[in-house]
Amino acid sequence: MRKSVYANYTAFIRTSKEITILEGELLSMRNHLSTQAALVHGLAEVTILDSLTTGAYELEEEKVSGVKSTKLNKTEKWFIKFEENLEVLLAEKRVDEAMAALDEGEQVAQEDKTKQSLSPDALLRLKNALTLLRQKLVDQLAETTCQPFTRGAELRSAVSSIKNLGDGPRAHTLLLNSHQQRLQRGLQVLRPSTNSYGGATTSSLSQLVFSTIAQAASDSLAVFGEEPAYSSELVTWAVKQTEAFALLLKRHVLASSAAAGGLRVATECVQICLGHCALLESRGLALSPILMRHFRPCVELAFSATLKRIEHSTAALAAADDWELSYAPADARSISSTSSLSSASMSQAKLSSSAHKLNSMVKAFMEDVGPLEDLQLDGPALEGVLQIFNSYVNLLISALPNSMENEEHLDGSGSKILNMAESESQQLALLANASLLADELLPRAALKLLPLSQANRVDATPKGTSDRQSRVPEQREWKRKLQRSVERLRDSFCRQHALDLIFTVDGDIRLNAEIYLSMDGQTEEPEWFPSPIFQELFEKLTTMATIATDMFVGRERFATLLLMRQTETVILWLSDDQSFWEEIEQGPTPLGPLGLQQLYLDMEFVIIFASEGRYLSRNLQQVIKNIIERAIDAVAATGIDPYSVLPEDDWFAEVAQIAIKMLTGKGNYSSMEGDVLSPTAAASAAPVVSQGSNQ
């Protein structure tokens with residue numbers, strides 16, 4: 001409803017002003033007609049009187065020729081003195097006394113209608129004199145209002161006198177013109193010689209404009225009250241002054257800052273103006289929509305330019321990032337009164353240089369956008385930061401060795417322009433950057449977009465901040481999108497490590513059916529131990545877990561999900577590899593009891609170490625169960641009872657435990673009981689490292 005009122009208010013004011021002007025013209029016409037009627041009436045009376053007295057005068061001329069002229073009566077003498085006195089008062093600009101004299105003359109003219117103490121000619125001259133002198137006084141007062149030194153009580157007195165003299169519309173217009181002239185003189189004094197205005201100049205100009213409008217509103221109310229016609233003219237005048245001021249700032253402040261991406265400058269300008277403008281709302285002047293209409297395009301331009309600068313700056317720094325985590329450098333802006341972090345939270349904020357840059361620039365961006373609530377930039381701000389984060393995640397994915405997206409980050413000569421994360425520590429740092437930004441830092445920065453009271457309540461208890469801010473539906477959905485982008489990086493990480501594990505450098509598949517099909521062709525019983533590829537998987541996950549323990553302090557859940565996803569990626573590849581299962585189920589060499597036992601041991605080994613590492617998921621358990629069942633069915637299809645050749649489940653668990661202890665260096669093979677390694681208790685007691693020598 002408020003928007004609708006503002007949308008049609010200009011037309012309403014224009015119509016009201018036209019009606020007011022028309023009323024003034026009608027009033028002037030009525031006064032003019034009254035004056036003309038009095039003049040005509042007076043002339044008629046004089047004409048009649050002259051015609052009646054001419055004959056008598058001629059007949060008695062001789063009788064009275066020698067007689068002394070009759071003396072003027074008291075009223076006629078007063079009138080002669082009145083004219084002389086009023087001329088003197090006007091010449092000496094003694095307004096109050098002239099007003100009193102006019103009132104006295106009006107009273108005499110009114111009383112003479114009944115007393116008839118003045119001759120018709122004298123009465124007519126009195127009325128004409130009063131009209132003429134009244135107009136002179138109005139013109140004199142109007143000239144006074146135009147003087148630079150006339151202000152305050154003197155201005156109100158002059159305007160009030162003009163109103164009392166019967167010309168209210170002109171009086172109100174003169175009042176507004178006087179304030180406008182004072183405003184223009186102030187602007188000329190404050191405007192600097194340069195084309196670009198600083199914050200202090202902007203504040204001074206804004207204070208001058210809106211204080212002048214406030215003073216004009218006070219003067220109008222004091223002299224004219226709340227009469228609609230005058231109030232409408234005041235609003236129209238205030239809108240005009242506000243628009244002129246907005247265009248001035250747009251030309252000298254906002255346009256240049258928008259072109260340079262100076263969102264902070266634009267924000268400060270808007271904040272200053274809206275702050276001063278808000279003080280007028282108590283007087284019934286809601287001028288902020290006028291400012292917003294002119295400021296919005298420039299602010300939006302600066303808004304977009306700032307987002308692009310954040311993205312480009314982050315990408316430039318990522319090109320030279322060493323992907324080593326460190327604490328943020330001391331930054332006064334990062335520890336503001338509205339977003340101070342506890343020492344515990346600060347100790348967890350270890351990022352690489354490009355992530356620190358992204359975090360600091362987004363935080364500053366949100367601080368700049370937060371005060372612009374009237375422009376409704378919250379949604380675009382969140383969407384812009386999301387796009388920047390997605391672009392940054394794309395860079396992190398490209399930093400993974402052998403990533404499919406590396407080709408997008410080559411220069412003209414084919415050399416990589418993005419520093420690769422070669423070690424596992426560096427690669428995990430990529431995930432640490434993305435996860436900490438998405439889970440904590442960017443959502444905390446987004447709190448600047450919430451109302452101040454709500455943001456303070458959330459910031460007061462940093463623990464659980466992300467949960468509290470998620471109560472806002474829009475930001476909760478925004479955080480989900482950030483986390484989905486992190487999941488994309490995590491999946492790329494896990495897929496890359498799985499491929500490195502499954503394929504050789506030459507592109508051959510290491511995890512193939514031949515591992516299990518070749519075992520039943522051997523003359524001797526194999527030395528039972530997990531297959532080499534699953535040993536490497538265990539060692540890789542163990543290394544990751546060790547690094548993640550130090551890297552993901554306070555975010556152990558993310559590390560657990562990463563290990564879980566990495567394990568699932570390898571096992572799901574095995575489960576979905578059609579060539580593997582075609583050889584197992586339909587190949588020329590069937591899967592035998594020993595191969596089934598080895599596959600069973602490998603799967604049990606994965607379950608045991610994933611369970612001990614606390615990253616065993618229900619999905620992984622189900623996939624492993626399906627793999628084992630499918631292998632058992634393949635053996636059963638050859639006519640062999642698989643359950644008659646498989647050892648008890650405890651045997652697989654014990655061998656897997658022994659393997660884990662040996663691979664972690666916590667156990668000594670020579671001290672183990674030899675019969676544990678063989679379901680027939682006939683296995684050799686020689687140390688076993690892998691089956692690689694048997695293949």
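Helices are DSSP runs of H or I with at least four residues, numbered from the N terminus. The structure is a predicted model, in which local features need pLDDT of at least 70, side-chain atom pairs count only at pLDDT 80 or more, and totals for chains, interfaces and linings use all residues. Residues are numbered from 1 along each chain as its sequence is written, and side-chain values use heavy atoms, with hydrogens and water left out.

Two loop residues stand out by backbone angle. Most residues other than glycine have a negative phi. Gln376 has a positive phi, near 55°. This residue lies in the loop between helix 13 (353–369) and helix 14. Arg614 is not a glycine either, yet its phi is positive at about 65°. The loop between helix 23 (593–612) and helix 24 (618–636) holds Arg614. With a relative accessible area of 72%, Arg614 is exposed.

Helix 14 (residues 378–398) packs with helix 18 (residues 473–502). The angle is about 5° and the axes are 10 Å apart. Axes are lines fitted to C-alpha atoms over the stretch in contact, and angles run from 0 to 180 degrees between N-to-C directions. The two helices are therefore roughly parallel (angle under 35 degrees). Contact means heavy atoms within 4.5 Å. Helix 14 contributes residues including Leu382, Leu386, Phe389 and Val393. Helix 18 contributes, among them, Trp478, Leu482, Val486 and Leu489. By class, the contact has eleven nonpolar (Ala, Val, Leu, Ile, Met, Phe, Trp, Tyr, Cys and Pro), five charged (Asp, Glu, Lys and Arg) and six polar residues (the others, Gly among them).

Definitions and conventions: Angles under 35 degrees count as roughly parallel, over 145 as roughly antiparallel, 65 to 115 as roughly perpendicular and the rest as oblique. Buried means under 20% relative accessible area, exposed over 50%, partly exposed in between (1.4 Å probe, protein chains only).
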